[in-house]
Amino acid sequence: MNHRRRFFRTVFGFGAGAAALAQAAKGQHAHSGPANSGAPIPVVTPDIEDLPFTMENGVKVFHLIAEPVKQTIIPGRIFDLWGFNGSAPGPTIQANEGDRVRIVFENHLPEPTGIHWHGLELPIEMDGVPGIGQKPVMPGERYVYEFSLHQNGTFFYHPHMAMQEMVGLLGGFVIHPKSAYAPRVDKDYLIALQEYAVLPNSTIPNSMNMEFNWLTFNGKAGPASTPLIIQQGERVRIRIINLGMDHHPIHLHGFTFWETGREGARQPEAIWPRGNTTLVGVAQARDIEFVADRTGDWMLHCHLPHHMMNQMASNVGPMTRLGSGIQAGGSMEEAMGMLREGHATAENKAPSLGRGLGVGSTSEIARSNGPLTQTEADKAMAAMPGMDHSQMQHGAMSMPEIPKNANQVPLFPQDAFMEGPMMAMDKEVEKPETFGLPPGWSGFVGGMMTLVRVLRPEQYDKIMDLKAKQQAGGNHAH
Ligand SMILES: [Cu+2]
């Protein structure tokens, strides 16, 4: 019980509900939770901190700083992003309906900005649109936002500067209702969806791009995203927020959920849709709830195929053996996908990457259509950041042979694991939450993807113990 209580951090004054909550966790099933009573539990944002506050004369005071950050997307890939208080997305703000909040905002970016409170009903001077409701907050300046919260639900904050939104500046803003929503949940999570286009040799996202090769949950691409740890039988809420150029169909394996909330508002129970996939559009939020009655390591992911992968870039070469690929140019205009010769359906134009990643795109990296030789594969593997070379030596990732007729089968290769090394990085992403996953698991988790691990009590307690030890040791895996 100890570690469970520790898990539901009491720092923000939600502690009172924890004991009742542990009680409620036992044997609860759909719609049978206690009537809405007691304080809501705090939201957990995996891989992202909460923004701390102090109380000053009854006002919750937060300090929010927009600044350049180094964000580890996956071990070995650290991106230069703009974020808040050291991370992108920024820390989650949690407050209660009825609170008065003061957010002291400092702009440590090299250009003007302003913070918009997405979905909040507040005075126009607090709406954060530079040039309309307020003056731009200049580099080095501070602006004090203060308002009262009369709504509850899932909100977020971001600058009202479009390109800044595309380089990391987003954060969750949860307003808890006065008493918990019914039925009560045992776990409440927030996941922010973001996407970046970053060339393999760069750390800088191309914010003008229209195609993205790094897709993240809370600033991490799978398998670096921390799994959600659930005890069998618990009722779970996951709040998903999206700010990018794409709408993401978020799919949960193994369970049929209720969609209980949209951006800024809980929905009436009578109209909760049921399903297993929810399309989270840009600027939207979706709250889903389900009862985790069956154990397993269940996937939660965006179902756009290109969003289930990492480092999706033209460098991987053509996705077929036929033709030599479209030659994209190296200059700005050519790299935006214009052909240099022939036409798009010419015999020699097999699909490479349609719309390139921009400057410095694919012209010098055209490669042959043959299978990778062992030497090429070894070279590619050695160059791969974060590869587990120890596993490589132990032969855990040796390459099985390609079937003899593979090259005669149209479309080969697609997910041809036998051709390249498995992309496993179990060791690099090891943390309490990954304890007990099958060896090599990380090779099958990429992009906007994580695991919802529904565990029996003894496995659950084991991971909570590991987490408690990790926290006591101040040892942060990420
Ligand atoms: Cu997606």
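Alanine 283 is found in the loop between S18 and strand S19 (285-291). Helices (H or I, at least four residues) and strands (E, at least two) are DSSP runs, numbered from the N terminus. The model is predicted, so local features need pLDDT of at least 70 and side-chain atom pairs count only at pLDDT 80 or more, while totals for chains, interfaces and linings use all residues. Residues are numbered from 1 along each chain as its sequence is written, and side-chain values use heavy atoms, with hydrogens and water left out.

Alanine 283 has a positive phi of about 75 degrees, although it is not a glycine. Most residues other than glycine have a negative phi, and most peptide bonds are trans. Alanine 283 counts as partly exposed because its relative accessibility is 26%. The classes are buried (under 20% relative accessible area), exposed (over 50%) and partly exposed in between, with a 1.4 Å probe and protein chains only. Asparagine 57 also has a positive phi, near 50 degrees, and is a residue other than glycine. Its place is in the loop between strand S1 (53-56) and strand S2 (59-74). Asparagine 57 has 84% relative accessibility and therefore counts as exposed.

Cis peptide bonds are found in other loops. One joins alanine 182 and proline 183, with omega about -10 degrees. Proline 183 lies between strand S9 (171-176) and strand S10 (187-196). Another cis bond runs from glycine 222 to proline 223, with omega near 5 degrees. Proline 223 is placed in the loop between strand S11 (214-217) and S12.

Strand S12 belongs to an open sheet of 5 strands. The order is S12-S21-S20-S14-S18, and the pairing is mixed. Two strands pair if DSSP finds at least two bridges between them. The edge strands, S12 (228-231) and S18 (277-280), each pair on one side only. From one strand to the next, the twist averages 20 degrees.

S12 runs parallel to strand S21 (residues 449-455), and 4 bridges join them. Within this pairing, leucine 228 has valine 452 of S21 as its bridge partner. Helix H7 (residues 457-472) lies across S12 and S21, at about 140 degrees to S12. Such axes are lines fitted to C-alpha atoms, for helices over the stretch in contact, and angles run from 0 to 180 degrees between N-to-C directions.

S14 pairs with S18 in the antiparallel sense, over 4 bridges. Histidine 251 stands opposite threonine 277 in S18. S14 and S20 also run antiparallel, joined by 3 bridges. Here isoleucine 250 has cysteine 302 of S20 as its bridge partner. In a regular strand the side chains alternate between the two faces of the sheet. S14 is mostly covered, with 5 of its 5 residues buried. His248, Ile250 and Leu252 are buried on one side, and Pro249 and His251 are buried on the other.

The copper ion has three protein donors: His248 (ND1), Cys302 (SG) and His307 (ND1), lying 2.0 to 2.1 Å from it. Donors are N, O and S atoms within 2.8 Å of the metal (3.2 Å for Na, K and Ca); water is not among the atoms, so sites may look incomplete. The spacing of the donor residues in sequence is H-x53-C-x4-H. Distant parts of the chain are linked here: histidine 248 is in strand S14 (residues 248-252) and cysteine 302 is in strand S20 (residues 296-302), 54 residues apart. Both histidine 248 and cysteine 302 are buried.

Valine 429 and alanine 224 are 205 residues apart in sequence but 5.5 Å apart in space, C-alpha to C-alpha. Contact means heavy atoms within 4.5 Å. Leaving aside neighbours within four places in sequence, valine 429 is in contact with Pro75, Pro223, Ala224, Thr434, Trp441 and Ser442.
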